[in-house]
Amino acid sequence: MTSAFSNPLPLTKTLLTALALALPLSLLAGQVWISPFSPPVPNATAILMELRLPRAMLALTLGAGLGAAGAAMQGYLRNPLADPGLFGIAPAAALGAVLSFYTGYEAQAFTLPLFALIGGGGAMGLLALIAGRAGGIALFTLAGMMIASLAGALTSLAISLSPNPFALSEIVTWLMGALADRGWQEVRLAAPLTLAGLVLLWRAAPALDALALGESAARSLGVDPTRLLWLMICAIGLIVGSGVAVAGMIGFVGLMVPHMIRPFTDQRPSSTLIPSALAGALLLLIADCLCRLLPLQGGELRLGIALSLAGAPFFLRLLLKMRRELA
Amino acid sequence: MLEALRITIPHRLHDVTAQLRAGRVTAICGPNGAGKSTLLSALAGLIVPASGTVTLCGQPLAELSPQDRARRIGYLPQSGEVAWNLSVRTLVGLGRLPHRTSAAENAAIVSEAMASLDLTAFADRPINTLSGGERARAMLARVLATQPDWILADEPLAALDLSHQRSLAGRFRSLAEQRKGVVLVVHDLALAMNHADHVIVLDHGRVAAQGKPEEALSEAVIAQVWKLQSRWLGEPGHRAIAI
């Protein structure tokens, strides 16, 4: 053996191969099937380049971000039930977006994501203020939960005081989370921010490994808790904030994916980061594809709903497994 | 030398001065709440004193970078918690985090650390499947993999049976013979008496006694600090305490 740690390359290669196979298939699948072996479909190039490719790119971007963010959050909180949503950034970004509907500003192209990013950024600032320099992980988590609860309450208030039924319907539909009708504009917004977040998570990875031994042991190994806290706030903020800004609320990816990946790694948070990003991208790509294909009256199934439907039983199974282990 | 110079940490330590030398085993003893773990954390640079300084070879710890400090002082906390079910090899490998050495070099040092504590056979076992004694050795191997000059351990012998206590105490002795500084928080006074070269007794955050075990753990000191009448039995190196 040439390293103290297991080699993550085979898993990474497998996931990359699966993505390489899934991506072209996802481009062909939809209400209009485009097959290279069938008669040409009218407007096939436009469907591929303007509808399906940006949608697939967005699925890959958001999935990768949420998968890696989930792995990092579970490492940071040393809790397999942790999720990027625990920081309260997603509900705060959603509140920002809802306010853009409420005020009618969403009609202009960039205002909805801008409002969402401001909401997410506000949550990041608030977290940093509350947790402060000396705040421990427990205080930080509680602050995140408080922000999530406050943002949720204000979102409900905005819905209940909605100026007209059209805005109400827009808000509720948007909150469900989806990739339908998204284009290159959304990719251009989310991709660089998510990539920046992923780079920050990679920089935090050794500290997350050390944290597996507890806070004091991690500090004795040279981890600066304040630097780690800021890296986590910025990384999760960029990934989750930009995700919510372009696609609404998409939950459970960050919770489920690291669990699926962890048994195939040596369990260090850093060794789950890249595979979780790849598996998250794969999961969102497949889930979005299935949403497109499901025959449903009244439009396609919203991606956020589909993932919640799949995620809730997964979460329950996880809880039962943990209960058995604790018994 | 690792030295605490008149350090005060509000409500926990008051004006504590202690000189710790490399090449010997120092035990920190005292009743519950005496400030033993706090002193160990301060010596490890994990708590910054409100007043006074901790120096390593004359240099204040606060002036060292976290990585430099981590390479020179290894710290083993009392809890021994590990968040994930890592293998022993992976756990010990975490001790290499402060170093920027090649994967091959790290692997060799990790193997050596495991071998020094008879853990080679368990290298690929998940940590949650180990017994208490095996787990305690794995945690210590993680500290040894850092190759620090100083090893500070908070109650490393607690919760071990007699045989494992003796075995691990022997490991600490051999580390001191390799010119490492070894500092242990120890509750068991007989262990401190038999295995330490130097003992610091704390009481209510102050140094009640320090020096050679026979002096620092004299029956008079035990009566004053622990409020117990006691008597040491046996020969030096094989002492037992009768209460």
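Strand β7 (residues 150–154) of chain B pairs with β8(B) in the parallel sense over 5 bridges. Strands here, like helices, are DSSP runs numbered from the N terminus, with at least two residues (E) for a strand and at least four (H or I) for a helix; two strands pair if DSSP finds at least two bridges between them. Within this pairing, B:Ala153 has B:Leu184 as its bridge partner in β8(B).

Before I continue, please note that this is a predicted model, in which local features need pLDDT of at least 70 and side-chain atom pairs count only at pLDDT 80 or more, while totals for chains, interfaces and linings use all residues. Residues are numbered from 1 along each chain as its sequence is written, and chains are lettered from A and ligands numbered from 1 in the order in which they are written.

I stay with β8(B). Strand β8 covers residues 181–185 of chain B, and because 5 of its 5 residues are buried, the strand is largely enclosed by the rest of the structure. A residue is buried if 20 or more other C-beta atoms lie within 10 Å of its own, exposed if 12 or fewer, and partly exposed in between, with C-beta atoms placed from the backbone. Both faces of β8(B) are covered: B:Val182 and B:Leu184 are buried on one side, and B:Gly181, B:Val183 and B:Val185 on the other.

Strand β3 (residues 25–29) of chain B also pairs with β8(B), in the parallel sense and over 4 bridges. There, B:Val185 in β8(B) is the bridge partner of B:Ile28.

B:Ile28, which lies in strand β3 of chain B, deserves a moment. Is B:Ile28 buried or exposed? It counts as buried, because it has 29 C-beta neighbours inside 10 Å. Leaving aside residues up to four places away in sequence, B:Ile28 touches B:Lys36, B:Leu39, B:Leu40, B:Val183, B:Val185, B:Ile200 and B:Leu202. Contact here requires that the C-beta atoms of two residues, placed from the backbone, lie within 7 Å.

β3(B) is also joined to β9(B) by 4 bridges, and these strands run parallel. B:Thr26 stands opposite B:His198 in β9(B). Strand β9 spans residues 198–203 of chain B; 5 of its 6 residues are buried, so this strand is largely enclosed by the rest of the structure. Strand β10 (residues 206–211) of chain B runs antiparallel to β9(B), with 5 bridges between them, and B:Asp203 has B:Arg206 as its bridge partner in β10(B). The hairpin of β9(B) and β10(B) has 2 residues between the strands, and B:His204 takes a positive phi near 50° in it.

Chain B also has an open sheet of 4 strands, in the order β2-β1-β4-β5, with antiparallel pairing. At its edges stand β2 (13–20) and β5 (59–60) of chain B, each with a single partner strand, so one side of each has no neighbour in the sheet. Helix α1 (residues 36–43) of chain B packs on this sheet and touches β1 (2–9), β2 and β4 of chain B. The direction of α1(B) makes about 125° with that of β1(B); such angles run from 0 to 180 degrees between N-to-C directions, and axes are lines fitted to C-alpha atoms, for helices over the stretch in contact.

I turn to chain A. Helix α7 (residues 184–211) and helix α11 (residues 269–293) of chain A have axes that come within 8 Å and cross at roughly 150°. α7(A) is therefore roughly antiparallel to α11(A), a label for angles over 145 degrees, where under 35 counts as roughly parallel, 65 to 115 as roughly perpendicular and the rest as oblique. The residues of this contact include A:Trp202 of α7(A) and A:Leu273 of α11(A).

α7(A) also packs with helix α9 (residues 225–247) of chain A at an angle of about 155°, the axes being 8 Å apart. This again makes the pair, α7(A) and α9(A), roughly antiparallel.

Finally, the contact between chains takes 29 residues from chain B and 22 residues from chain A. On the side of chain B that touches chain A, α4(B) gives the most, with 5 residues.
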